[in-house]
Amino acid sequence: MKELAGRLTALDPDAGAAVRVIGYFDRLAESRAGLEALVRGAAVLAGCAARLVDVERRVRVRVEADGTRRDSAESPDPGWPSAALTPGGVSALWLERTAQAPPSVVDAVILERAAGAVRLVLDRTRGRVPAEDPELIETLLDATAPEAARLHAARRLGLDAADPATRARVLAPLDGRPRVLAAPRDTGTSGARAVSDSDPQAAHDGSGPQPPHLDGELPVGRLGIGPAVPVLDLPRSWAAARTALRFTADCTAQDPGPRVVHADELGGVALLAELVVPGAEPPPDVHDVEAAAASAPWLLATLNAVANTTSLRAAAMEINVHHSTLQDRLTHAESLLGWPVRTPQGRLRLQLALTMRHLARS
């Protein structure tokens, strides 16, 4: 390739440069380079900023000509040269080439090769079920449905059930139908989780999936997320997602707690869901918390901060009060509850009480 590029350069500099671009992106693809590395390559080779905007997957990566990543929420200029990731699609790779510097043949090759490599990375690391037909999903998640019917539904939804490496997970929103997301094939975990759950190179260059403040894949509001499982085990993921949903909260002063909960992060705490039945008489500690909260509007947020931070100073910062103010609040809260919350045993009791409060009302 180098020899060919050299000969072509002698005859036609643009042709030689185009061949070198092809070889460059082929090497990146072979090494399983991540999104940022690919966009950086396009920017450096083109000598101008490059940006990847995948609207469907909510991915935005922008790199300056000097290789520095500087993302931007602004929409690309329609006048910039670009290459769509799918035919007719709106997601694309762009070169921020001004009108004073029109695109060249080399730019076109950069866009074509980089966009192709980006498409492969996105398919590999952020694959998603393309269709969400409610009837198909209902069949797929029904453990009593015949296996053949569930396999047919999986194929219609874009899941390759014949491949043992295929994994998917179920999302259980508070309001709305369940959703099925394909998981990255190399790890079988969520695209919306920690860096280690994504493509190794994508994680390394910072362009991989981000934690669940959870990214654009996820519906807004309270959400339970099931574990990634083989296709025929999706009813189990659905059941786990519904359990995780019961541990969520509205994240308000009167209902503090996480809006999104992953079933595979609950561990043994998930057993509480079997003990606390929605609509039944709540446990005594839950009664105590509710009674105390009725007399002090700040109490629930304060107790939640104490239960879920590493220290009282961290809890004070969480709710934006002075450390001494927090101490005064806790003294009052302990008098209302009837048990201490600043000892290890009392803090554990508080954590359980707040958790059971969510379970009792859901």
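Is Asp142 buried, partly exposed or exposed? In this predicted model, where local features need pLDDT of at least 70, side-chain atom pairs count only at pLDDT 80 or more, and totals for chains, interfaces and linings use all residues, Asp142 is partly exposed, at a relative accessible area of 30%. Buried stands for under 20% relative accessible area, exposed for over 50%, and partly exposed for the range in between (1.4 Å probe, protein chains only). Residues are numbered from 1 along each chain as its sequence is written, and side-chain values use heavy atoms, with hydrogens and water left out.

**Overall architecture**
- The protein contains 14 helices and eight strands, taken as DSSP runs numbered from the N terminus (helices: H or I, at least four residues; strands: E, at least two).
- Of the 362 residues in the protein, 46% are buried.
- Among contacts (heavy atoms within 4.5 Å) between residues at least 6 apart in sequence, 56% join residues at least 24 apart.

- Asp142 belongs to the loop between helix 5 (134-140) and helix 6 (147-156).

**Positive phi angles**
- Most residues other than glycine have a negative phi.
- Cys251, although not a glycine, has a positive phi of about 60°; this residue sits in the loop between helix 8 (234-246) and strand 8 (260-262) and is partly exposed, at 44% relative accessibility.
- Asn320 likewise is not a glycine and has a positive phi of about 60°; its loop lies between helix 12 (312-318) and helix 13 (323-337), and Asn320 counts as exposed at 70% relative accessibility.
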